[in-house]
Amino acid sequence: MVKPIWIARDPSACSGCRRCELACSMHHEGWMWPEASRIRVFMPFPGLEVPHLCTQCMDYPCVKACPVDALSTDSIYGAVIVDREKCTGCGDCIKACPGSVPFLHPGDNKATICDLCGGEPECVEVCTEAGYDALTIVNEGPNINRKLYSRDPIDVARDLAVKMFGEKGEEVIE
Amino acid sequence: MSSIWIVRDYENCSGCRRCELACSIHHEGWMWPEASRIRVFMPFPGVEVPHLCAQCDDYPCVESCPVDALSVDSGTTAVIVDEEACIGCGACAKACPGTVPHLHPRNRKAVICDLCGGDPECVKVCREAGYNALRLVHEEMNGHRKLFARNPVDVAKDLAVKLFGEKGEEVIA
Amino acid sequence: MTPGGYAGKWLDVDLTKDKIKEVEYSDKVLEQYFGGRGLAAKVLWDKVGEKYPELDPLDPKSPFMVFTGPMTGIYPGSRICVSGKSPVSMGTVGSTAATEFANEIKEAGYDGVTFTGKADKPVYLLITDDGAELRDADHLWGLDGEKTLIKLNKEVTAELTKRKPNVGLWKDPGMIYIGPAGENMVRNAAVIAKICHACGYGGYGSLMGSKNLKAVVAKGRGSLPKVDAPEAAKLLWRRTHQHLIGRTGMRRQGTGYAGYSVGAETSSEPIRNWQEEWHDEKSYGGPMFEHRFWVKKKWADFNCTTNCMKISYIKTGKWKGDITDMPDYELQAYCGTNFGIFDPEANIHLSALADKLGHSGINGPNTAGYAVELHQRGILKDSDFGFKPKWGDPDTFDRIMRMMANREKIGEILAEGTYRAALKIAEMKGLKPEELLKYAVHVKGIEIGAHGTRSDADYTHDISYAASVQGGDHTSVAVDGYNDMSGAVFTDSAVFCNFTYYGVPQSLVFDFAKAITGFPITLHSWRSETGPRIVTLQKAFLMMGGPDLEWEPVKDDDNPPRFYEPLPSGPYKGKTTDKKLVDTKLQAYFETLGWDERGIPTKETLKKLDLGFLEKSMSKLR
């Protein structure tokens, strides 16, 4: 029986190095392409880095929203899989996602969503290698908490800002 | 010369005190926190400070011992206490900028971290638990180490402010 | 076919005419000058040429250049290089800062941007995949650096979202900007990035200010440029990072422990305007910063695992709310020990203030410390300041830095940088220039970085600053004319961080350079050709100088008088810089680089380095 995986994310441990963006895009695109990476690090204020990626919500609102059935889930790890032939770039999956995680590929405008690299996510590997552990694999099955991580990264950053800077934190992101 | 040193990352300290247990099991044969060479001070909950020898480059403790009971291991750079020679006078504790040495609760001899001969037990259990508040590094002897020989309550006062802001100034009297 | 690592074009902006065009250069020039510091120097010559001596750096005609290099964003430690005719040295400096702006501009499809002219109102340039445009910055003019970043982040992200709302969330853009110091053309003002990073040397903040240019912002969605040997590059990328990950000391402390050790161990830290260089103030030890103030300890820049940066934050007391980095060593020294301050909290406040005002945290405080020594010696009076300045008093230096940024009272003169302030004060007080210059710690107008030469125990020695084409710049010191070329001259042109260069085997770095560009680069080719070409061009600019200031060959290729005084305290008490060594090594340096005994490049050298276009100007100097 294959162990389930999920990528646990700890934004306060994120250094902002963005090697996850580089490793992901090298794997999926063949070269360093941060804006085509399925994981993107938002930094609305320096020091507040938030890695933003799919949480594999139990109810997959993105899959349900797709008008042409271009989205499905992989049967082993439950990652969202985009059929790029079918995808029309309508953006409904982005709107349906509570955290607006998917985005349209800067090259071909198709929906781009983390596929968990088929079980061995590249982003986690480089984050572990560098000793940050902002992204770690946990062997947890689908559960209701995952969706709670699907948040607008600016909202996450606002929380981090207060944790780090106290009242000042409320001023550093407009 | 290159040697090992234990980095202390106080904010990572969970307060579990397994370091005290691992150290005393190794040196004393059983769990004895107050005989541990590393002791975790907690002047306020949440503000835990593991307190242990920093292997200062000028070894004021060794210099201060009136009976030459202290020496330095050239391999690990750790301070070694000759228990037979030690008279329990406490001069080393006074000489230490951070008052790290303490007298053994039973035999009243000076107790100082010996780096377990090169493979510190405290580091192992801290890493195992995933805290990494104590980490082993390989570095040359340098003048920074002495800066870590600080009174643990002073360290805690700084940590408290970092954790709690202005409130931090109130939580340790 | 664009060589690997380059986007293949850059932007040229005429701020007076509000015109933007795209520029391409030949592969040959890219290979000869590489990028960043080197390319900017070449482009400056192409724009100004033999008229260089007549050009006032703060005149609208004066070009301001922002360049990446082929390795930027790909090699760890993404950084931008700004340059132009420096208002302080009258030569050029390749002044760099870590910032995501550098990889963003390449992702947008440009290797850099050059500016001439002057906008009639404050503007910022926004660069995206769809091109570039000048946008109104009236509402940003006058804002400190921190507020500028906060507002621009929101404004630009909102604008990009408005233009392309359906592509998903837009990330924050990269940006470089100036604070009030740059706006008010403080001559040694910096260009700031990411709150606490600065292109500090060269005074390019004042160049931007003179053009009403508040910021340059970039957000690209393209990949990083393709490289010549992608599989090799990917492998080298992994290997380089493994080296960096192994650098535990740098990762743990950054340079944030050096505020103590450079004083206590190497006795080369500026204290009270370099009157002393040794201290043993344990209150200033690394742990005193770390335990109370470092709220984020593993903070990295784009594509870097050194994470030497940390965020310091003051949570309590009168400076509550100040955010800066650890501070890095240079600011622990200049905004701390140089002021006679050994209190971490005060240092963090003054560093944060320098960042917010847009001062270079090295150069501005050098001038502030100079002013307080002049007061100490009775040359400046309380009335020049409007209060009584005191060493060791944070409020003194808080006020002086603000006065400099706003050009108030003595700040108006101090805003000219240490060297020119010395000359102006001499005139003002009816004193001979030498009487003021003897306390000024600069080389060719560029205030000296926080590593002294008198103890000889640090990495800086006799000709480190004296022979350098970037004067007091501690990141680009003169060693022997051969090895220098493969240090900062290389990293400032490839554009990536010094710290990701040291600590990685040089062979690996140059293999990576070759895998990226496809150029036949080796350590040797850099040391013997490309590096000397860049530095010789910079030397030519430096010695041409003008319009109101020229450096005297050999006489000004020297350390300041203070560096020949014996150290008054510490383990190296009595030691000083060896003038005889300076004289002999200077000549050897000139000889190695193929310059004459006055340091002017010879005709043969110009020919050999394909710098024949400099011959006419150099023959005027010989």
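This report covers two interfaces in a predicted model: chain C against chain B, and domain 2 against domain 3 within chain C.

## Chain C against chain B: extent

The contact takes 23 residues of chain C and 25 residues of chain B. Together the two chains bury about 2,000 Å². Carbon and sulfur atoms account for 55% of that area. Three residues stand out on the chain C side: R252(C), H291(C) and R292(C). They supply 36% of the area that chain C buries against chain B, more than any other three residues.

## Chain C against chain B: polar links and elements

There are 6 salt bridges between chain C and chain B. One of them pairs E11(B) with K297(C), with the closest N and O atoms 3.1 Å apart. Polar contacts join 12 residue pairs across this interface, both residues being at pLDDT 80 or more.

Four elements of chain C each give two or more residues to the side that touches chain B. These are α8 (248–253), α9 (258–264), α10 (286–293) and β13 (294–299). The largest contribution is that of α10(C), with 7 residues. By class, this side of chain C holds 7 nonpolar, 8 polar and 8 charged residues.

## Domains of chain C

Chain C splits into domain 1 (10–228), domain 2 (246–447) and domain 3 (462–621). The centres of domain 2 and domain 3 of chain C, taken over C-alpha atoms, lie 26 Å apart. Their contact draws on 32 residues from domain 2 and 31 residues from domain 3.

## Domain 2 against domain 3: extent

Domain 2 and domain 3 of chain C bury about 2,300 Å² between them. Of this, 64% is on carbon and sulfur atoms. On the domain 2 side, R247(C), V443(C) and K444(C) supply 30% of the area buried against domain 3, more than any other three residues.

The interface of domain 2 and domain 3 of chain C has 3 salt bridges. K444(C) also forms a salt bridge with D557(C), at 2.7 Å from N to O.

On the side of domain 2 that touches domain 3, the elements giving two or more residues are α17 (417–429), β16 (442–443) and β17 (446–447) of chain C. By class, that side has 13 nonpolar, 8 polar and 11 charged residues.

Methods. Residues numbered from 1 in each chain as written. Chains lettered and ligands numbered in written order. Predicted model: local features only at pLDDT ≥ 70, side-chain atom pairs only at ≥ 80, totals over all residues. Heavy atoms only, no water. Contact = heavy atoms within 4.5 Å. Buried area = accessible area lost by both parts, 1.4 Å probe. Salt bridge = Lys/Arg side-chain N within 4 Å of Asp/Glu carboxyl O. Polar contact = N/O pair within 3.5 Å; in protein donor to acceptor, adjacent residues only side chain to side chain. Nonpolar A, V, L, I, M, F, W, Y, C, P; charged D, E, K, R; others polar. Domains from an automatic or database assignment.
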